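Hi,

Here is the structure I promised to pass on. Have a look at it first, and my notes follow below.

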Amino acid sequence: MSELHKFIFDGLPVRGQLVRLTDAWQEVLRRRAANTQTGAWPPVVAEMLGEMAAATVLMQGNIKFDGALIMQIFGDGPLKLAVAEVQPDLRLRATASVVQSVTPGMALPELVNRHGRGRCAITLDPRRRREGQQAYQGVVPLVDEGGAPLQTLASVLEHYMRQSEQLDTTLVLAADEQVAAGLLIQRLPVQGQDNLSQSSVAREDAGSAADDDYQRIRLLAHSLQRAELLSLDADTLLHRLFWQEPLLRFAPLAGHQGPRFACSCSRERVAAMLQGLGQPEAESILAERGEIEVGCDFCGQQQRFDAVDVARLFTPAAQQSPQPGSVQ
Ligand SMILES: [Zn+2]
C-alpha cells in the first residue's frame, strides 16, 4: 500500500516526510504498458517519472493549499514532456511523452536538457478559482547558478525550493518498476531569530546551532542508499537513519487517505473540448476518420464520438429528440 509519513525533530527547526508509492505507482505503469499505441516507457523514463511522482506527493504534503500541485518537465531531448499531478487529498496521476529513442543509462541532462533549454515548472492550481484568480507557476531551468547542467531531479527541486520558498530542502528520490519513493528534509525558520530583545551574539548562536542540527540531519538523509530507499519499510528506514535523533512521527497517510492513483478525465471534459474546437473542425475530423477518438494520456481511457454524438454536441438541448425511455 502507498504511504506518506510526516515527522518532525522535536525541539529542532527541522521537519521531514517519507513517501513510498507502490500500488499507486504500479497502476500508472500498468496503464501505460496496456496502451497498445505506446507500450511501456523505457526504464530510464519510468524512473524519472516515478521520482517526479514521489517528489510531487512530498511537495503537496508540505504545503497547505486547496488545489492540485502539478510538476512538469518540458524536455529538450528525447523526453518531451513529463507531468505529475497530486491533489490535496493525495490522489495522483502522471504521464510522459517520449519523442526520440532513449538508451539505457541516460542521465537527466541527456534525457531532458540536451541543448540547455529544459525547464521544470511547478503549478499550484486552486480548486475553486475566485474571479480573476490565476494558477501560480514557478519555473526553473535544469542548470545550477553557474549554468552547469543539474544531474538529478532532486537537485533541480532543491534549487527550486531555495528560490521559491527560501527554505533549505534536502531531497532523496528513487524509483524502479515496483516502487517510487522519496525523503524530504526541510529546515524551518528559527523562532525568535528576529527577536530584538535577544543580543546579536545570542541570535547568532541560536542560528548556528540550528544550522548544525539541519546539516547533521541532512548528512544522515544523504547517507541513504537507493536500494534502501526502494526496499525498506518506513519504520526500518527512519530508525536506521535517525535513531539518535528526537524523531516525532505523525500517523501515516495510507489507503483512502494516502497517495493513490486516480484520473480526473471525463467524457464531459472531452465533449467540452470538442465544442471548443467548433463544429466545422469536428466535422472535418469525422469526415476523415469516421469517428473522433480522444485518449487520455494519464489513464489510457478512450472516448469515442461518432457522427450522432458530434451532432448532439452542437445541437441546443431544447432541439434534441428525447432519449428512448425518457419521460416527457
Ligand atoms: Zn484519464
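**What I found**

Of the chain's 328 residues, 31% are buried (a residue is buried if 20 or more other C-beta atoms lie within 10 Å of its own, exposed if 12 or fewer, and partly exposed in between, with C-beta atoms placed from the backbone). Bear in mind that this is a predicted model: local features need pLDDT of at least 70, side-chain atom pairs count only at pLDDT 80 or more, and totals for chains, interfaces and linings use all residues. Residues are numbered from 1 along each chain as its sequence is written.

The chain has ten helices and 14 strands (DSSP runs numbered from the N terminus: H or I of at least four residues for helices, E of at least two for strands). Its C-alpha trace spans about 80 × 45 × 40 Å along the principal axes.

The part I'd look at is strand S9, residues 180-187, where eight of eight residues are buried. Ala180, Gly182, Leu184 and Gln186 point one way from S9, while Ala181, Leu183, Ile185 and Arg187 point the other way, and all are buried.

What does S9 pair with? (Two strands pair if DSSP finds at least two bridges between them.) One partner is strand S8, residues 169-175, antiparallel to S9 over seven bridges. Ala174 sits opposite Ala181 there, and a hairpin of four residues links S8 to S9. Strand S2, residues 14-21, also runs antiparallel to S9, joined by eight bridges, with Gly16 opposite Ile185.

Cheers
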